[in-house]
Amino acid sequence: MSDPALDVVELVRRICDIPSVSGDERALADAVEAALSALPGLEVARDGDAVVARTTLGRSERVLLAGHLDTVPLTDPPNLPVRREQHPVDGDVLVGRGTCDMKGGVGVQLALARRVAAAGEDLTRDVTFVFYDHEEVEAARNGLGRLARNHPELLAADFAVLLEPSSAVVEGGCNGTLRAEVTTTGKAAHSARPWRGHNAIHDAAPVLARLAAYAPREVDVEGLVFREALNAVLVSGGIAGNVIPDRCTVTVNYRFAPSLDAAGAQAHVREVFDGFAVEVTDVAEGARPGLHLPAAADFVARTGTTPLPKYGWTDVARFSALGVPAVNYGPGDNATAHADDERCRTAEVEQCLEVLSGWLLDGAR
């Protein structure tokens, strides 16, 4: 990966061919660290399997580009090594695990690091590159979160770009996400004598009725319209086929616009399920777009795209919590992420590299 003759598409292919399912990122992190350490003018640091490289030129503005190294598990048989082929709709594509989510973006980062290192003292901005582990698993293990706890100074920046797949279109901010358990209780009895008990599953019918009748909100946040969603994602209850269940739990997921904070999202869910026992089990706040800020506006103009809202939750929210405005912008159609035929258009990989290069280097002295 340190071969400067590699074009960015071949670089992405080689990165993808190093398996890095969450928890097994070490080999790829080693390769990324070695490639960055070979470049002049970059200060390289590592925390576990997260690697950070940055210039230290003392410029008045610092921008940060981030991407995660891990993927979801491989298919059986494995969807590696990556294939390059012609897709009837998408044209020239790389097909295989990680091509979309999100090693296409990681390859762009590494190619950019080469160009930034070559520019050296001519750079008008300082640049930080962050490659982190454990994004595809529970939030407590997220490598970016670990960096924020252990080395927040490495994430200091005026603006950040997260190279999550966005079809090479800027996606501003992101929705927050909340999970809660709505529980009904009854009394256990033999199913042959149900009148001796009380069926908690039957009592969950109004919970489901409220969800079915719920009208999701569309909320304008700084000019982007975020669509919310509230859905049942799991129902559990009962212990045997001949026992009246004394407990039923409906797990709901609320995707809320970044106009709400965690407290506001929890209050809304409790209002929807007023009269029921509600326990919030997980909540992550979203991120406001921040596209009005000068660094963000300059970047959006460079892309030539009309920004869209990010309906899913991404790590831009972690940057927002650190006071760093951030956007999603990277190659790959998120609709193919995690799919058996996961793929990424090679044209988008090349496009993202050129757009980001222009943004970082056109103003070089």
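How many bridges join strand β9 to β16, and in which direction do the two strands run? Seven bridges join β9 (residues 176-185) to β16, and the two run antiparallel.

## Basis of the model

The structure is a predicted model, in which local features need pLDDT of at least 70 and side-chain atom pairs count only at pLDDT 80 or more, while totals for chains, interfaces and linings use all residues. Residues are numbered from 1 along each chain as its sequence is written, and side-chain values use heavy atoms, with hydrogens and water left out.

## Overall architecture

The protein contains 10 helices and 19 strands; these are DSSP runs numbered from the N terminus, helices being H or I of at least four residues and strands E of at least two. Its C-alpha trace spans about 80 × 45 × 40 Å along the principal axes. Of the 365 residues, 52% count as buried (under 20% relative accessible area, with a 1.4 Å probe and protein chains only).

Among contacts (heavy atoms within 4.5 Å) between residues at least 6 apart in sequence, 77% join residues at least 24 apart. The side chains include 34 positive and 52 negative ones, where Lys and Arg count as positive and Asp and Glu as negative, with His and the chain ends not counted.

## The four-stranded sheet

Strand β9 belongs to an open sheet of four strands in the order β13-β15-β9-β16, with antiparallel pairing; two strands pair if DSSP finds at least two bridges between them. The edge strands are β13 (229-237) and β16 (277-284), each pairing on one side only. On average, neighbouring strands of this sheet are turned by 20 degrees against each other, direction ignored.

Helix α7 (residues 262-272) lies across β9, β13, β15 (247-256) and β16, and runs at about 150 degrees to β16. Axes are lines fitted to C-alpha atoms, for helices over the stretch in contact, and angles run from 0 to 180 degrees between N-to-C directions.

## The β4-β5 hairpin

Strands β4 and β5 form a hairpin with three residues between them. Five bridges join β4 (residues 83-87) to β5 (residues 91-95), and these strands run antiparallel. His-87 stands opposite Gly-91 in β5.

## Arg-193

Arg-193 is found in the loop between β10 (189-190) and α5 (200-203). Arg-193 counts as partly exposed because its relative accessibility is 41%, a class that lies between buried and exposed, the latter being over 50%. The C-alpha atoms of Arg-193 and Val-243 are separated by 9.4 Å, and the two residues are 50 apart along the chain.

Key. The place of a charge is taken as NZ of Lys, CZ of Arg, CG of Asp or CD of Glu.
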